[in-house]
Structures are given as structure tokens and as C-alpha cells.
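I hope they are handy.

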Amino acid sequence: MAVVFDRTKGLTSKIFHYCPGCTHGVIHRLVAEVLEELDVLGKAVGVAPVGCSVFAYDYFNCDMHEAAHGRAPAVATGIKRVHPDSVVFTYQGDGDLASIGTAEIIHAAHRGEKITTIFVNNAIYGMTGGQMAPTTLIGQKATTAPYGRDAEHCGMPLKVSEMLSTIDGAKFVERVSVHNASNIRKTKKAIKKAFEIQLKGEGFGIVEILSTCPTNWGMTPLEGLKWLEENMLPYYPLGNFRTPGEVE
Amino acid sequence: MAKILMKGNEAIGAAAIKAGCNYFFGYPITPQNELPEYMSRELPKVNGCFLQAESEVAAINMVYGAAGAGARVMTSSSSPGMALKQEGISYIAGAELPCVIVNIVRGGPGLGGIQPAQSDYYQATRGGGNGDYRHVVYAPSTLQETVDLVMEAFDVADQYRMPVMIVGDGMTGQMMEPVEFKELKKRELPVKDWITDGTKGEREPNIINSLFIDPQELEDHVNDRLEAKYRIIEEKEVLYEEYNVEDADVVCIAYGTTSRIVKNAIAECEAEGLKVGLIRPITLWPFPHKVFDKITDKTKGLLTVEMSTGQMIDDVKIAIAGRKPVYFHGRTGGMIPNPNDIVNEIKKIAGGEK
Ligand SMILES: Cc1ncc(C[n+]2csc(CCOP(=O)(O)OP(=O)(O)O)c2C)c(N)n1
Ligand code: SF4
């Protein structure tokens, strides 16, 4: 019988621990497929975050390094500086990257560190049980924002891609989403582009991926996808913010 | 090789490069700035990489990445910056990676001051980071000993796969002394087959990690891997200098810069006919407990001298286990102990006035 679909070589056979309907799994697969298609699994080193995707080191079928919360870009910097020919990526949530790790991500971008960052924005702290993230939307309830996020009290949700696109060293910045099939395809394209830019040695690349957390949003997986489309897309517009060529 | 006159911070850098350290990640802070400055000048010449990080937190995490990737790597800082590095040091210890960390200690707490101090003893030996971990801590007292130990530190780090810390103070960093870079006696170093340099399709992926979510797995990791090697280190890697310990009326205990001042005080006491011994820990961890067994009934008391309000004294008390009274003399905040004050303390103990 002909095989029409197989697990990408970029993933191990370990079963994901993610909640049903969580889009972390989809994003893992896209990254893994890109690594396989670019034929770089043998020189890839991934840096896992602290967050729901902390066990990413068990899933990606390449060398992996588990970082402290928010420090993945610094760890990736150390790896890349030692092995400039390796393909180094970080995989980070929005608490990890946009809160505790803001200094690390901004300065990795600022130095034009030749790494690729996969930034999973689900507007909440998943792993610790649904606390407010810097990316939590206005009015959105979280366990530490039980009355809904109030801009007067804790500011407006942080737009990471817009912020990073003001930095010269960030050569590729794109925001995508995985709430439906056509957007999943676009997400994969963006991830591929970001890795290609690393391979060409052009500088820092980040793909911000809007993602769901049905568990902590208190929704079914389908409601989660719809909520993302209706609430996150208007505040976090999809699109490319920077591509080499436009930068210079 | 001929001796050359060098400033402490630069001598540390030169020793590191001689030991094969090609990567340095740091952040400016007085009184250690000459070390990163030296590395920024010299590392490019050996195809290495110096990078000024955005913070000490980032610097130690770059070290974490580079160590995982197999490099001989170093970072340095001074007290407030070293406080920020503790998170990374705990991860590096947990993930069992080698690296060398230099703390040129200044007075604290808080922003404190910029003058020499020894008030980071607890931080260095008790682990300022979280969890059950240890790392070797060297406290050299001369620049020659500093360069010897910096070179040795890289081998020790590789042999045991752990961070090794060099503790100096503003004096060590800023003073100039002649140094000679000697060949190290070779240690058997394990092959680094665990590094993240890409599988090249030839092996299973390597994973650098300090997370063990299953409690039994974590206990096994801590006991069977970490504790087991800490016991070996306590057995094999203790370094200290002892002087006249068995025949002393008073035994002084001091490390680093302070030990040099104490030696002057001892010479003065001897000129007056007093018998004074010295124990100078060179490794603060593992602490030289066993040498304290040599202290005889003849000794009236111990005097611990530190540039702090008394931190190493805890280890001295553990080592002497209540057999003898332990007295303390210290200056802090960047103030240097005066040999005359130490002489007076020694005399009081010897004369039974204390
Ligand atoms: C220094 C530190 N602070 C806090 C935590 C606890 N913690 C673990 S995961 C997490 C947030 C993760 O949220 P996010 O990055 O958004 O990822 P998600 O779980 O949503 O994928 C926090 C605060 C930690 N492990 N370390
Ligand atoms: S808690 Fe949220 S982000 Fe974490 S696995 Fe579950 S659904 Fe995904």
C-alpha cells in the first residue's frame, strides 16, 4: 500500500502532552516539517522555553537545549556563536518571550543574532493555569485578571512583532495564525522563510504565531479557534512586518 | 617561560585563553572591567568570541548555551552582577555543564560599594541559586596562584561537568604582580559526546536539560549524579595552605587577600615569641575540614579573619565542631583589616583575655 502521509522526520515518536485542540501541536509539526524540507535536521539545535512547550526537547528530532524562563534567545546566542554553521531556533510562549524574556528577545534581535524564533502567542500563561500575559486582550479574563484585563490598571496588550520590527537587526518579522487550514499553510511558509534567512546569514528572524489555549480560555477547541479569529486578529493584524531587502 | 608583570583582571583573562577558553560573555561592572575589556581585545585574535551581553542574566545564559554546545567558556562579574547570574548557575549545575565564573567581590548588600570585600562567601559556597547543587570555588591569594587556578578551573569544570567559580576581590583584580603561565599537569578529561552541535544524521539527538518532572527521577538525578560527584570532589579536590597548625597557641583562618594581611600579623606575633598557625582555604568549596583535626589541645582558640561581618566562620565552626572557641575579626564595606588589629586579637586569645 502506498504511504500518502507520514510523520515528519523532524518529530520524534513521543506522544504530545498538549491538551486536546491546543495548537502548540500544529506549530510543532510545521517547524519540524520545515526543518526536514530544508534538510537541516542534522545541524539544527532547538532551544525549548519554560511554558507548556517546555517538553519540546522531547518532540523535535534534533539536538535540543532546555532554557530558563525567557532566556532562550540568550542560550541560542551562546550556541550559535560557538557553532555558526548550525541552525539554531527558539520556541517560546508569550509569557516566556513577551514578559520575563523581553530583554533577551530584544537584544538578540538588536544584535542581529542569526537565529530563528518561533513565538507562540496564545494571550495567556498556559502552563501555570491561565494567568494574565502581557498579550492578554482588553476585557479578557484570566486567573489574575478575574474582572477582565483593564488597560488603565495594566496597560494595553503588547504587540511584539510591531515592536521588534523597529529594530534594525530583526531582518524577518511576520505575524501568522493557525486558526484554519489556509492560515496554517501561510504559517508554514513564514516559518520556512525565517529559517531560510538564517541559512543565508542575513540576521534575526521571528514568526509570531497566534495560537489557542482552549483549556485556560475555558472553551472547546472549536470555540477557541473562533475566539482567536474574532478577537485576536483585529488587535494582532496578520502580515509581514519586515523582510530582507525591504530593510536596507 | 619568563615572568611578566600583569594586572590581576588581565592575568585572569590571559590564563583563561591559555587554557583554551575561546568564548566570553559578560556585562560591565567595577572592579572587574579590565577582564571583559581584555577578552574583547584578545579573543578575536584567537578566532574566539567576546560578546557584551545586555545583562548578567543574559551573559550567564549565553554561557549556558555555549557550554552546552561544547565550548570552553567564561563569564565574570562583581557582587551585584553575580547575584543576577545565580539563576543561570543553578541551571548549569543542574544540567551538568562545565564553565568558569569569576567574581571579583565588592562590598554589599545592594549596590554596596566598589572596594574589595569577601561578603559573597555565602553566595559562592551555599549556592545563590535554587536547588541542591554545589560548585567548586577557588579563592587564590596571589596573582600567580590566580592564573594557576584559572587554568586548572577549566580542567576541573570539564572533568566533573560543573561550573567552577574563582573568587577574588577588588584587590586581586586591580593589583599588579609578576606571573608565569605554567604547563598544567594533565587530567584525564572525558570526551564531550553530549554536546549540542547538531546530530549530522549520525547519532541520536543530544538534550541539555535540568528538568526532571518525575520526583523520583529528580531525586535520582540529584543523588546519583550530582551528590555522587560532589562526594568525589570533597575527597579529591580540596586545596589549602597550612602553617604551624599543630603547634600553635592561636590558629588563624583566612582566605584570599585577607590571608596575606594575616600572614603579616602572624610574623609580627612570632617576633614577639607567640606561636600562631594559619589555615588558608584555597577551595572554599570543598572546604578543608580535615586539616582542623590537626589542631591540638594546646591551641587556645581560633581566629577567623574576613572582609565581611563573618561568613566563612560558619564553616570554621562546623570544621572544629565545638572543640575550640572560634573568634572573629572582620572589616566590611570595602575596609581592609589592619595587621595591628589582628595582632591585638591574636594576643588577647593567646593571653586568655577573650
Ligand atoms: C523564573 C520563573 N518564573 C516563573 C515560572 C513559572 N512559569 C512556568 S511557565 C510560565 C508561563 C508560561 O506561559 P507562556 O510563556 O505564555 O507559555 P504557554 O504555557 O502559554 O505556552 C510561568 C510563569 C518559572 N518556571 N520560572
Ligand atoms: S494549557 Fe493551553 S497552551 Fe497549554 S497545552 Fe493546554 S491548551 Fe495548550
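1. The shell around ligand 2 has no charged residues: it divides into 6 nonpolar and 5 polar ones. Please keep in mind throughout that this is a predicted model. The residues in question are A:Tyr18, A:Cys19, A:Cys22, A:His24, A:Cys52, A:Asn122, A:Gly126, A:Cys213, A:Pro214, A:Thr215 and A:Asn216. Helix H9 of chain A (residues 214-217) supplies the largest share of this shell, 3 residues.

2. Ligand 1 has 16 residues around it, and the closest are A:Cys52, A:Asp94, A:Gly95, A:Asp96 and A:Gly126. By class, its shell holds 6 nonpolar, 8 polar and 2 charged residues. Which helix gives the most to the shell around ligand 1? That is helix H4 of chain A (residues 94-100), with 4 residues.

3. One oxygen atom is 2.8 Å from a polar backbone atom of A:Gly126. On the side-chain side, an N or O atom of A:His24 is 2.9 Å from an oxygen atom of the ligand, and a polar side-chain atom of A:Asn122 lies 3.1 Å from an oxygen atom of ligand 1. Ligand 1 taken alone exposes 590 Å², of which the protein buries 77%. A:His24, A:Asn122 and A:Gly126 are also listed among the residues around ligand 2.

4. One backbone angle in chain A deserves a glance. Phi of A:Ala123 is near 60 degrees, a positive value in a residue other than glycine. A:Ala123 sits in the loop between strand E4 (116-121) and helix H6 (151-154) of chain A. Most residues other than glycine have a negative phi, and most peptide bonds are trans.

5. Chain B has two cis peptide bonds to check. B:Gly108 and B:Pro109 are joined by one, with omega about 5 degrees; B:Pro109 is in the loop between strand E5 (99-105) and helix H5 (121-126) of chain B. Another cis peptide bond joins B:Trp285 and B:Pro286, with omega about -5 degrees. B:Pro286 lies in the loop between strand E13 (283-285) and strand E14 (301-306) of that chain.

6. Finally, the domains. The domain assignment of chain B gives domain 1 (4-236) and domain 2 (241-350), and their centres, taken over C-alpha atoms, are 28 Å apart. Their contact takes 30 residues from domain 1 and 26 residues from domain 2. How much area do the two domains of chain B bury between them? The value is about 2,500 Å², 53% of it on carbon and sulfur atoms.

Methods: Residues are numbered from 1 along each chain as its sequence is written. Chains are lettered from A and ligands numbered from 1 in the order in which they are written. This is a predicted model: local features need pLDDT of at least 70, side-chain atom pairs count only at pLDDT 80 or more; totals for chains, interfaces and linings use all residues. Side-chain values use heavy atoms; hydrogens and water are left out. A residue is near a molecule or strand if one of its heavy atoms lies within 4 Å of it. A polar contact is a pair of N or O atoms within 3.5 Å; within protein, one must be able to donate a hydrogen and the other to accept it, and residues adjacent in sequence count only if both atoms are side-chain atoms. Accessible areas come from the Shrake-Rupley method with a 1.4 Å probe; for residues, only the protein chains shown count as cover. Helices (H or I, at least four residues) and strands (E, at least two) are DSSP runs, numbered from the N terminus. Ala, Val, Leu, Ile, Met, Phe, Trp, Tyr, Cys and Pro count as nonpolar, Asp, Glu, Lys and Arg as charged, and the others, Gly among them, as polar. Domain bounds come from an automatic or database domain assignment. Contact means heavy atoms within 4.5 Å. Buried area is the accessible area (1.4 Å probe) that two parts lose on being put together, summed over both.
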